Amino acid sequence: MLLLPLFARAQFTFVTNADNTITITGYTGATGFPIIPSTTNGYPVTAIASNAFVANPHVLGMTIPDSVTTIGMWAFAQTSLSRISIGNGVTNIGAWAFFNLGLLNNVIIPNSVTGIDENAFRLCSLTNVVLGTNLAVIGNSAFIFCSALKSVTFPSSLISIGTNAFKSCVNLHQAYFMGNAPLVNGGPGSADRTVFTNTFSGGTVFYLPGTTGWGSTFGNWPTAVGAFQKQPSLFAGGSNFGVQSNHFNFAISWATNTPVVVEASTNLLG
């Protein structure tokens, strides 16, 4: 229920909800890389509405604050978005949210996200995607036709992956699973043949020793254990990344209960 009519302030349009939270509904400012405020009129900004920026030619990039918890359907679809910083409060990315973004090469899904809905990144030019450590559900066709994507690492939290999730990602050839085999639309994952359909002909699914549910194939690819060559991934994003007071913050994604050695040096050329 909406209490107040549509407003425009700081180049964003928004509505005030019955619970005194703000939903961003659009952008009317100049072409560039706008930053969504965490509060407006004293109320927290908690959501980006469906269709909020769809086909908006002025949105080249966006910074989403930690106060936002949901990104609605079609929110950024068919824009010229090349850079997105998703705040650490987002828990769900709506269907078709980033559909057809030809300039978006890299995306980091924060650890707060538990679900990516159907077709969320369909037809994006992603070359790299980092999935957060609490992601549980990837919807149908979520990354379909992301032709530049070459490899992807799935966190141990993953429970379900939709049909055709990575179909026609023609350069995708390696998938690394940190945990047990996820279900595919509620059924045994190893029985589904659509997840990696029409991808690189020599693709392989790698999984860690001690995990369960794996068969000889997964999503149309053969599986392998004991040949896990994926290196730890550095999270180079989020509000806590970078130089802080007297220290440098970063996060590393790697297998659960598997040690990673971080070495420091005063000689950057050594």
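1. Basis. The model is predicted, so local features need pLDDT of at least 70 and side-chain atom pairs count only at pLDDT 80 or more, while totals for chains, interfaces and linings use all residues. Residues are numbered from 1 along each chain as its sequence is written, and side-chain values use heavy atoms, with hydrogens and water left out.

2. Overall content. The protein chain has zero helices and 23 strands (DSSP runs numbered from the N terminus: helices are H or I with at least four residues, strands are E with at least two). Of its 270 residues, 46% are buried (under 20% relative accessible area; exposed is over 50% and partly exposed lies in between, with a 1.4 Å probe and protein chains only). Among contacts (heavy atoms within 4.5 Å) with a separation of 6 or more, 35% join residues 24 or more positions apart.

3. Five strands form an open sheet with mixed pairing, in the order 14-16-17-19-18 (two strands pair if DSSP finds at least two bridges between them). Strand 14 and strand 18 (217-218) are at the edges with a single partner strand each, so one side of each has no neighbour in the sheet. Strand 14 and strand 16 run parallel and are joined by four bridges. Val-152 is placed opposite Ala-175 in strand 16.

4. Thr-204. Which strand holds Thr-204? Thr-204 lies in strand 17 and counts as buried because its relative accessibility is 19%. Leaving aside neighbours within four places in sequence, its contacts include His-173, Ala-175 and Trp-221.

5. Surface. The accessible surface of the protein chain is about 12500 Å², with 54% belonging to carbon and sulfur atoms (Shrake-Rupley method with a 1.4 Å probe; for residues, only the protein chains shown count as cover). Phe-250 sits in the loop between strand 22 (247-249) and strand 23 (251-253). At a relative accessible area of 39%, Phe-250 is partly exposed.
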